[in-house]
Structure formats: C-alpha cells, structure tokens
Amino acid sequence: MLTQIKKVYSIRIALFISIFVLGSFFVSCKNESKNEQIVSGTTLSVSINGIEESFENADGSDGNTGLSISKSASTSIVSKASYEQEGDGATIYEYGDFYAKVSGVDDRQAVDDVSNSVTKLSSVGVKGTHTINPIAANTPLAQGIKYRIILYADNSASSPVISSTVGEARKTLSIPVEKGKSYYWVAYSYNDSNDPQEPTNGEILSDQRDLIYASGNTGVIPGVSGDGNDISVPIAITLKHQLRRVNVEVSTVNYPASITVLSGTIGSDSYFRGGKLNIKDGSFAANASNTVLPTRAINFQTISSGLRRGSFYSAPGFDLPQIAVTIGSLSIRTNAGTTKSLSNKTYYFFPGNVGAQKTARASYTAKIDFLPLVNISNYRIASVGNPAYALASTNSNSGLRVGIESASNFSPTGTVKTNGTIVISQGNSSAFVQNHIDLPTTTIFIVSYGASYTAADSQKIIDFVNRGGTVLYYTQTTGPDEANLVKYFAGPSATVSGAASNAGRIVSGTYANGPFSSSLVGKYVGDGDGGAVALTAGSYSSNMIDVIAEDSNGRPFVWKAKNKNFYYFPDGSFDSFDRGTITNFFLDGSRRPTDGWSVIMNNSSYNSYLMLNIVANALNAAAAK
C-alpha cells in the first residue's frame with residue numbers, strides 16, 4: 001500500500017514538473033516573439049537618428065557641398081510634392097477644362113529648403129548667410145521599421161561576426177559588449193517592418209525596397225572587464241540611401257482636389273537593376289543585367305488626399321532608360337464637389353544617370369500634376385488702397401500686380417496655365433469698395449496700405465469672405481475698422497501690435513505652398529520699410545486662425561482665418577518691388593518670383609512666392625467650382 005502511494009505521488013510530482021517546464025517554455029517563446037530582450041552588464045545603447053536626405057548632384061558631387069539653389073519649387077521628402085527644378089521643363093496635356101503638367105524632377109536638392117529651416121543661420125542677422133552650403137536633413141524612421149546591427153572586432157574581410165541583433169525604430173536597442181574592447185558596427189534596413197536578412201558571405205541583396213545603411217567604430221568601451229561597474233555606451237546612427245530612387249508622383253494638391261481612384265503601370269518590367277551591398281566596406285556590386293519585376297503595376301501610397309506616390313529602386317551607376325508611365329484610371333473630386341476623370345493616358349520621363357560615380361543617394365521623380373484650366377477673363381481682382389502701394393495701373397512698384405500680369409506666371413505658357421486676361425481694378429474710397437466687392441466676377445479683393453473704407457465696408461469684406469472670396473489684407477494700420485476685421489477673424493479679443501522682427505519665418509506650408517513653390521517652410525517673408533505688426537500674444541483665439549509665418553517671438557506674423565480665405569500680412573509694403581533698399585518682393589528678368597536679400601528684413605525674402613501662390617490657389621479654386 002505504501003509503495004502504491006509513493007508511485008502516485010511520484011507521478012503527480014513528475015506531472016507538476018512537466019507542466020512547469022512546458023509553461024516556462026511557452027513564456028520563453030512568448031517573450032522571444034515580442035523581441036523582448038533582457039540585457040544586463042555593459043551594453044551599446046543604439047538609437048536611430050533617421051535617414052539622411054541629402055541627394056547627390058548630377059555631376060556626382062556630394063549634395064552637402066556647394067548646392068546651387070534653384071529658384072523653383074522644392075519639398076520635404078516625406079509629405080510634400082517633389083522638387084521642381086528648371087532645366088527638365090514641363091509638358092502640358094489638355095483634357096477639356098483641366099490639364100496635366102508633366103515634368104521630370106531631380107530631387108537632389110530637395111533637402112535645401114529643409115536644411116535652411118534647420119540651421120536658421122540667416123535669422124541671426126549675418127548678411128550673406130542665406131548662401132551658406134546647406135546641411136543634411138534627416139527623415140525619421142517610421143514606427144515599426146526594423147533594422148539590423150552587426151558587430152565585428154574590426155572591418156577586415158576576415159573578421160567574424162560577434163553579434164547580430166534586430167532593432168525597431170523609435171525603441172532603444174541594447175547590445176552586450178565587453179569593456180576594454182572596440183567594435184566595428186554596421187547597420188542596415190529595407191525601410192519596412194520586416195526583419196532585414198542576415199548577410200551571405202558579407203553581402204545583402206537589393207530589391208524593390210529602400211535599402212539604407214551606415215557603418216562605424218565604437219571606439220574602446222570604457223572600463224575594465226570584471227570591475228563590477230555596468231555602463232551603457234550610446235550610439236546614434238544616421239542611415240543613408242544606397243540605391244537610386246525613382247518616384248512616380250500624381251498630385252492634385254494645387255487643383256485643389258482629392259484623388260478618389262488611381263491606378264497606373266510602368267511601360268516595362270525590366271527598367272531597373274539589382275545588386276549586392278558589401279556590408280563591411282559599403283561598396284555596391286550591380287548585377288550584370290536588369291531585374292524582371294513580377295508586375296508593372298505602380299504601388300501608389302497615399303501621402304495626402306491630393307498626393308499619391310509610388311517608388312522604384314535601381315543600382316547606382318547605370319543609365320536609366322526613358323520610362324513610360326500609364327495612368328490606367330484616375331478620378332478626382334474638387335473642393336466644390338465636381339468629379340473629373342480620365343483613363344489610359346501615357347506620359348514619358350527621362351531620368352538618365354544622376355551622377356556617374358557617387359549615385360547611391362540620387363533620386364528622381366516622374367511628376368504628374370493635374371490642374372484646372374483657368375479662364376482668367378472670368379475673374380476680377382479689386383484693390384483698395386493708396387495708389388503708390390496698391391495694384392494701381394500706374395504703380396510699377398507693386399510686385400503683386402507686375403507678377404500677376406507677367407505671361408511667365410499666368411498665361412497659356414505660364415507657370416499657371418490660363419486663357420484670357422484678368423481684370424484688375426483699383427480705387428481708394430468707400431464707393432469703390434461698395435461698387436466692386438459684390439461684383440459676381442470679383443474673386444480676390446486686396447486691401448493695401450492707406451486704404452479708405454468704413455465700418456460698413458468692413459462688413460462688406462466679411463460678407464465677401466463668407467461667400468468664398470479671397471482677401472489679401474496688408475494695411476499696416478491699427479484703426480477701428482481694421483480692429484473689427486481682426487476681431488471677427490482672429491477672436492473677439494484679438495489685437496495687433498508691433499512685431500518683434502521685420503522678418504517672419506514660414507512655419508506651415510498648407511496655405512503658403514502653391515504652383516510657384518511647393519516648399520516654403522523655413523523661408524522668410526516680411527517688411528520692406530519697417531513697422532511690421534503681428535497678433536498680440538494671448539489676445540487671439542488659436543482655434544480661429546492658421547499661422548503661416550511667425551515673428552522671432554513666435555507671434556502670428558502672416559496668418560489666415562481658419563476655413564476662410566482671409567489672409568493677413570504684417571506690413572503695407574509687403575509687395576514692394578524695385579524700390580531699392582526697401583524692396584522685399586523679388587522677381588527675376590522674366591518677372592517670375594524669386595528670392596532676394598531684403599535690407600530691412602536682414603534676410604532673404606520670399607514674399608513674391610507666397611503672395612503669387614495665394615493668388616494662383618484662389619484662381620484655381622474658383623476655376624474648379
């Protein structure tokens with residue numbers, strides 16, 4: 001009997017141990033599946049700064065040294081329309097009341113606008129710093145992106161792997177190391193959520209993903225092994241693109257409209273070439289022939305409601321052929337609720353070879369912009385103010401009028417494709433306001449320096465904006481009639497007072513960007529002759545305005561009423577053109593917008609880009625209704 005009891009207890013104990021071990025196994029597997037690492041002792045603490053977005057120049061020189069700054073549009077890499085550079089031109093394809101503007105875009109300088117906003121060197125008032133060579137800007141890795149860190153004793157070909165660890169963006173990765181030793185590290189990723197492959201014979205393969213890479217040395221880990229003091233050695237890594245990137249970008253941002261249906265293909269499944277990256281020395285060996293892709297379909301990603309982008313990747317150092325892009329189907333919905341569509345339209349692009357030697361970070365965008373065809377004869381711009389500052393026909397110093405009337409900007413062959421001639425009316429009386437603001441063709445109403453208008457006129461301006469009209473307001477006064485407008489659009493307690501600076505930095509491109517420049521964030525706009533004003537801190541309702549530019553104290557310097565097209569500018573000379581030292585509205589020899597040095601702002605001024613963008617966007621929106 002006692003023997004039987006012992007057997008029963010033995011069985012129960014064995015069963016309990018088995019269950020405990022099995023449970024421990026499942027817990028261990030669970031932890032492993034989550035990549036949870038329990039690390040003790042001395043470690044490297046790895047963090048990822050992001051991806052360096054400094055593309056190389058066409059001649060193969062590094063994009064960080066001596067970039068020539070184009071006067072055309074550019075963009076932040078992630079969320080904006082791509083950089084449009086002079087030289088490749090644009091081809092127009094008309095489809096009734098809208099058209100496609102097709103251009104090949106070299107993205108090598110896209111970082112320029114971003115880096116200027118990072119350095120902010122020109123804001124310290126050192127004349128000429130606007131021409132300084134830009135630094136690289138980093139794009140953060142998105143949440144969930146995986147990367148691999150491999151440690152070696154050194155970078156010699158025979159050095160064995162010490163450890164290979166997968167990390168995840170925006171999470172610190174700890175890797176055990178020994179004190180008194182130094183390590184050579186390599187980091188790489190395909191910029192997606194998959195675990196990067198382990199190398200084979202020290203090489204990894206490229207494919208149609210964004211291969212990014214970096215390498216470096218840790219230096220000697222401080223301390224002596226066994227001294228009892230555990231330390232963490234930080235390493236911050238910035239990855240770099242290793243392949244040529246070809247984007248296909250479809251945009252209705254400047255229509256404005258939303259893309260509701262989009263499909264497309266490229267003309268061949270063998271445009272691009274793969275290869276192998278040597279992770280020890282960073283060299284890339286291209287394959288002998290181009291890769292055959294499994295599909296010609298473009299995998300468009302939604303960047304915004306009006307911007308879709310698909311990307312392809314190829315080995316550096318090889319010419320790319322002419323690339324055909326076919327839009328199989330496209331439907332867009334304008335802000336006025338109208339639907340436009342087309343199908344089976346093919347466009348051609350010529351990326352060529354962006355740098356024969358150091359092309360690992362070159363990028364090219366095949367850009368297709370859809371825009372309304374504007375018959376500007378249907379619209380009127382009315383301007384009230386002192387003729388010396390307003391859009392008077394006699395005022396050759398109104399940069400806004402000169403820019404609007406330039407065929408380089410608004411014409412069948414201009415930056416904004418239009419037909420007809422726009423009517424510009426100017427006066428400076430209450431009667432002028434009453435007689436022109438209610439005209440059905442009046443689309444833009446400008447209130448400039450020295451404007452004469454009454455409280456009743458102020459209400460007319462409010463009613464015009466509420467009907468969908470666009471107002472550009474730059475009187476530089478603080479009288480009761482202006483106060484009524486400011487309070488209506490910026491909050492019941494809103495007031496304006498002297499700005500902290502004559503230059504304001506553009507902080508949002510949502511309403512600043514347009515067909516003349518698609519990346520104004522970080523640029524400066526401002527006063528031509530002193531006396532700029534800004535919304536008084538604490539007086540306005542932040543939920544009633546969209547801030548476009550801020551003064552040096554962060555106060556709204558250029559702003560827009562939220563959900564309404566009332567634009568407020570800080571100074572009555574905001575469009576001062578060809579006025580010597582008080583010029584702040586710059587146009588080139590063809591009367592296209594450009595930047596220039598403003599003496600009063602003590603900075604480069606981008607007033608012409610901003611104001612002409614707002615005018616173009618207003619006309620496009622009117623045509624899209």
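Is Arg 209 buried, partly exposed or exposed, and what is its relative accessibility? I looked this up and found that Arg 209 is partly exposed, at 24% relative accessibility. I note the terms: buried means under 20% relative accessible area, exposed means over 50%, and partly exposed lies in between (1.4 Å probe, protein chains only).

**Basis of the entries.** I am working with a predicted model, in which local features need pLDDT of at least 70 and side-chain atom pairs count only at pLDDT 80 or more, while totals for chains, interfaces and linings use all residues. Residues are numbered from 1 along each chain as its sequence is written, and side-chain values use heavy atoms, with hydrogens and water left out.

**Salt bridges.** I recorded the general principle that side chains of opposite charge can pair when their charged atoms come close. I took a salt bridge to be a side-chain nitrogen of Lys or Arg within 4 Å of a carboxyl oxygen of Asp or Glu. By this rule I have a count of 15 salt bridges.

**Arg 209 and Asp 207.** I found these two side chains joined in a salt bridge, at 2.9 Å from N to O. Asp 207 is partly exposed, with a relative accessible area of 32%.

**Lys 367 and Asp 369.** I found a salt bridge here at 3.3 Å, N to O. Lys 367 is buried at 2% relative accessibility, and Asp 369 is buried with a relative accessible area of 8%. I also noted that a network of salt bridges links Lys 367 and Asp 369 with Glu 249 and Arg 309.

**Arg 401 and Glu 405.** I found the closest N and O atoms of this salt bridge 3.0 Å apart. Arg 401 counts as buried, at 10% relative accessibility.
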